Amino acid sequence: MATYTYNYTGSVGSYTVPAGVSSLKITVKGAKGSDGRFLGGGDGGVATGTLAVTAGTTYYYNVGNTSGNYTAGYGEGGAGANPYSGGGGGMTWFSTQNTF
């Protein structure tokens with residue numbers, strides 16, 4: 001079984017299912033939130049599942065990024081409420097659509 005790891009790039013990537021492949025085991029991880037002035041940021045969520053697929057189908061993905069203090073992470077992470085709070089990490093997604 002082949003394993004692919006994709007990291008944050010700031011843009012949408014794509015994966016086309018090769019011939020002979022009928023399912024994918026997918027693990028996606030949301031980005032960690034940034035540290036605030038007094039507390040560390042929380043870890044991003046993790047989801048794992050098996051997806052039935054058809055060879056030749058193209059899937060799109062986006063890997064979220066950790067935010068900066070008081071700013072949102074790439075991929076729709078929420079901004080902190082004030083300069084002392086950390087921002088939320090960006091989401092990671094995998095879909096047949098090229099936008100979320």
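Strand β2 gives the most to the lining of the largest pocket, with seven residues. The model is predicted. The protein has five strands and zero helices. Buried residues account for 27% of its 100 residues.

**Overall build**
- Read from the N terminus, the elements run β-β-β-β-β.
- Take the contacts between residues at least 6 apart in sequence: 59% of them join residues at least 24 apart.
- The accessible surface of the protein is about 6,400 Å².
- Carbon and sulfur atoms hold 51% of that surface.

**The largest pocket**
- The volume of the largest pocket is about 740 Å³.
- Its lining consists of 22 residues.
- Which of them are closest to the centre of the pocket? They are Tyr4, Tyr6, Lys25, Ile26 and Thr27.
- Three strands each supply at least two residues of the lining: β2 (23-29), β4 (58-62) and β5 (93-95).
- Of these, β2 supplies seven lining residues.
- Sorted by class, the lining has 14 nonpolar residues. The others are six polar and two charged residues.

**The largest nonpolar core**
- How many residues make up the largest nonpolar core? There are six in all.
- The members are Tyr15, Val17, Leu24, Ile26, Val53 and Tyr59.
- Ile26 belongs to this core, and Ile26 is also one of the residues closest to the centre of the largest pocket.
- Val53 touches residues from elsewhere in the sequence. Leaving aside neighbours within four places, Val53 is in contact with Val17, Val21, Ser22, Ser23, Leu24 and Tyr59.
- Among these partners, Val17, Leu24 and Tyr59 are members of the core too.

**A look at Gly45**
- Where does Gly45 lie? Gly45 sits in the loop between β2 and β3 (46-52).
- Is Gly45 buried or exposed? Gly45 has a relative accessible area of 52%, and exposed means over 50%, so Gly45 counts as exposed.
- Gly45 still has contacts beyond its neighbours within four places in sequence: Val28, Lys29 and Gly30.
- Gly45 and Val28 are 17 residues apart in sequence. In space, their C-alpha atoms are 8.3 Å apart.

How values were computed
Residues numbered from 1 in each chain as written. Predicted model: local features only at pLDDT ≥ 70, side-chain atom pairs only at ≥ 80, totals over all residues. Heavy atoms only, no water. Helix = DSSP H or I, 4+ residues; strand = E, 2+ residues; numbered from the N terminus. Buried < 20%, exposed > 50% of the residue type's maximum accessible area, 1.4 Å probe, protein only. Contact = heavy atoms within 4.5 Å. Areas by Shrake-Rupley, 256 points an atom, 1.4 Å probe, with all protein chains shown as cover. 1 Å grid on protein atoms, 1.4 Å probe; cavity = no way out; pocket = protein on both sides within 12 Å on 5 of 7 lines; lining within 4 Å. Points joined across faces, edges and corners; volume = space filled by probe spheres on them. Nonpolar A, V, L, I, M, F, W, Y, C, P; charged D, E, K, R; others polar. Core = buried A, V, L, I, M, F, W, Y, C linked by side-chain atoms within 4.5 Å.
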